[in-house]
Amino acid sequence: MTIIPFSSFHSHSGTAEALSESKVSFVGFFVSLGFSILLHVYLTIKQLVQVLMAAEPVNVNEFQELARQSLPKMYYDFFSGGAEDQHTLRENVEAFSRITFHPRILVDVSKIDMSTTVLGFNISSPIMIAPTAMHKLAHPEGEIATARAAAACNTIMVLSFMSTCTVEEVASSCNAVRFLQLYVFKRRDVSAQLVQRAERNGFKAIVLTADTPRLGRREADIKNRMVSPRLKNFEGLISTEVVTDKGSNIEALASGMFDASLSWKDIEWLRSITNLPILIKGVLTCEDAIKAVEVGVSGIIVSNHGARQLDYVPATISALEEVVLAVGGKVPVLFDGGIRRGTDIFKALALGAQAVFIGRPVIYGLAAKGKHGVRRVIEMLKDELEITMALSGCSSVKDISRRHVRTERDRLQSML
C-alpha cells in the first residue's frame with residue numbers, strides 16, 4: 001500500500017495523483033487477499049475430501065477400526081470382547097482361513113442371483129442381522145437405525161431382548177420382516193409379555209437364545225465396571241437397575257434375571273404363549289441338533305454367542321457341518337459367528353447353512369456411520385459374496401454346494 005508523503009498535499013494535482021495510486025493499491029491488495037482466501041478454502045476442502053475418502057472403509061475390518069476410534073473404551077470393549085482368554089473369539093474368525101475353495105470355471109455367471117428365503121420370507125441375500133444388545137451405546141438412534149438399514153437392504157433383523165429401543169418403537173420405525181430374540185427370565189411373565197408384544201407388533205418369529213443359563217466371564221467388562229444403560233422394554237415390568245461393587249453391572253443384572261433352570265421341556269411352555277415359529281440359537285453339537293428337531297423347533301442357529309459365553313468351544317464354522325448332517329434337512333440351519341468377508345458367507349453356505357447372521361460388523365458400522373454404516377456393511381458383504389460366487393462358478397445361492405470347499409478334515413482324509 002502506498003504511503004502519501006505530507007509534502008504532496010501542498011499541490012492539488014499531486015494530491016489527486018497520490019490518491020489515485022492509493023486507490024489502485026487498495027484494490028490490488030483486496031484482490032490479492034480475496035484470491036489467497038479462496039485458494040486457502042479450496043485447498044482446505046480438497047484436503048477434507050481426501051481425508052474423508054481415505055476414511056471411507058473398503059471392508060468390514062476397517063469399520064471395526066473406525067468404531068474403536070468413535071466409541072468410549074468401555075463400550076468398544078463391551079461390543080468387541082469375548083469370554084476369558086478369548087481363544088474362541090479369535091478362532092471364530094481365523095477358522096475360516098483354513099477352509100479353501102474348489103472353484104469351477106467356464107460357467108455362465110453373467111447374472112448372479114443372491115436372493116433366498118428364510119422361514120418362507122424372501123430376502124435379497126443370505127445375510128441377516130443377528131441379535132446384539134444395547135445399540136444406543138453405539139449410536140444415539142440405536143436399534144431404530146439398524147432396523148431401517150435392514151429394511152433398506154431387504155433383509156431380516158433379529159431384535160435383541162436387551163435392546164435400548166422398545167419393541168413398539170422398532171416396529172413402527174419401518175416396514176420390514178423382524179424376529180425377536182428371547183431370554184427366559186426367572187420372572188416368566190416378563191418374558192411372556194415381551195413375546196406377546198412382539199407378536200402384536202408384527203414380529204414374525206422368536207429366536208430363543210439357549211446358551212446363557214449364566215453370563216460368560218467377560219473380563220474386559222469386569223475391569224471396566226461396565227454399566228447397563230436404560231432398557232426401555234422392561235419399564236413398568238421389572239427393575240433393571242443393579243448396584244454392584246464386583247465388576248460388571250451387566251453380569252450382576254443377568255445373574256439376577258436369567259432363569260438357569262431353563263430346559264428342553266420349556267419349549268412347550270414357549271409354544272403355549274405364542275403362535276410364532278421358534279428358532280433355537282446356541283446349538284454346537286449333533287446331540288443338541290437332534291434334540292431340537294425332536295422338540296419341534298422351526299429352525300436351528302449354530303452359534304457360540306459370539307464367543308462371549310464358554311471359551312474353548314469350537315469356532316461356529318467348525319461346528320456347522322456336524323449340526324447340518326445331524327439335522328438332515330428336517331429344519332433350516334442358520335449360521336452365526338465370525339463373518340467378516342463375503343468369502344466367509346460362501347463357505348458357511350457351502351457347508352450347509354441356509355443363511356448367515358452378522359453381529360459385530362453391524363455394531364461397528366452403526367458406531368462409525370449410523371444407519372448408513374450398517375447399510376454399507378451389508379452391501380460390502382453382498383458385493384464380496386457376489387464376486388466369490390462368480391469366481392467359484394455359482395450363478396445362484398442354490399448352486400453353492402459342499403463340492404465348492406475343502407476343509408481340514410477333507411485334506412486329512414485325502415492323505416489316508
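Start by selecting Tyr 183 and everything it touches: leaving out residues up to four places away in sequence, that gives Phe 161, Met 162, Ser 191, Thr 209, Thr 212, Phe 258 and His 305. Contact here means heavy atoms within 4.5 Å. This is a predicted model, so local features need pLDDT of at least 70 and side-chain atom pairs count only at pLDDT 80 or more, while totals for chains, interfaces and linings use all residues. Residues are numbered from 1 along each chain as its sequence is written, and side-chain values use heavy atoms, with hydrogens and water left out.

Helices (H or I, at least four residues) and strands (E, at least two) are DSSP runs, numbered from the N terminus. Is Tyr 183 buried or exposed? Tyr 183 counts as buried because its relative accessibility is 9%. The cut-offs are under 20% relative accessible area for buried and over 50% for exposed, with partly exposed in between (1.4 Å probe, protein chains only).

Next, pick Arg 218, in the loop between β7 (206-209) and α8 (219-224). Arg 218 is buried too, with a relative accessible area of 9%. Beyond its neighbours within four places in sequence, Arg 218 contacts Gly 82, His 305, Arg 308 and Gln 309.

Why put those two side by side? An unreviewed UniProt entry carries a "binding site" annotation on Tyr 183, Arg 218, His 305 and Arg 308. UniProt positions are in the numbering used here, feature names are shortened, and annotations may be inferred rather than shown by experiment. Tyr 183, Arg 218, His 305 and Arg 308 from this set also belong to the lining of the largest cavity.

A cavity is a set of points, on a 1 Å grid over the protein atoms alone, where a 1.4 Å probe fits but cannot get out; lining residues have an atom within 4 Å of a point. Searching the whole structure turns up two cavities of 30 Å³ or more. The largest has a volume of about 560 Å³, where volume is the space filled by probe spheres set on the points, and grid points are joined across faces, edges and corners. It is lined by 35 residues, and closest to its centre are Pro 131, Thr 132, Ala 133, His 305 and Arg 308. Colour that lining by class and you get 20 nonpolar, nine polar and six charged residues.

Then move to the second largest cavity, with about 40 Å³ of space. Its lining includes Asp 77, Arg 218, Glu 219, Asp 221 and Arg 308. The largest share of this lining, three residues, comes from α8.

Last stop: the largest nonpolar core, with 104 residues. Such a core is a set of buried Ala, Val, Leu, Ile, Met, Phe, Trp, Tyr and Cys residues joined through side-chain atoms within 4.5 Å. Select Phe 185, Ile 300, Ile 317, Leu 320 and Phe 335, which have the most contacts inside it. Helix α14 (residues 360-392) gives this core its largest share, 12 residues.

Zoom out to finish: the protein has 15 helices and 12 strands, and 50% of its 416 residues count as buried.

Terms used. 1 Å grid on protein atoms, 1.4 Å probe; cavity = no way out; pocket = protein on both sides within 12 Å on 5 of 7 lines; lining within 4 Å. Nonpolar A, V, L, I, M, F, W, Y, C, P; charged D, E, K, R; others polar.
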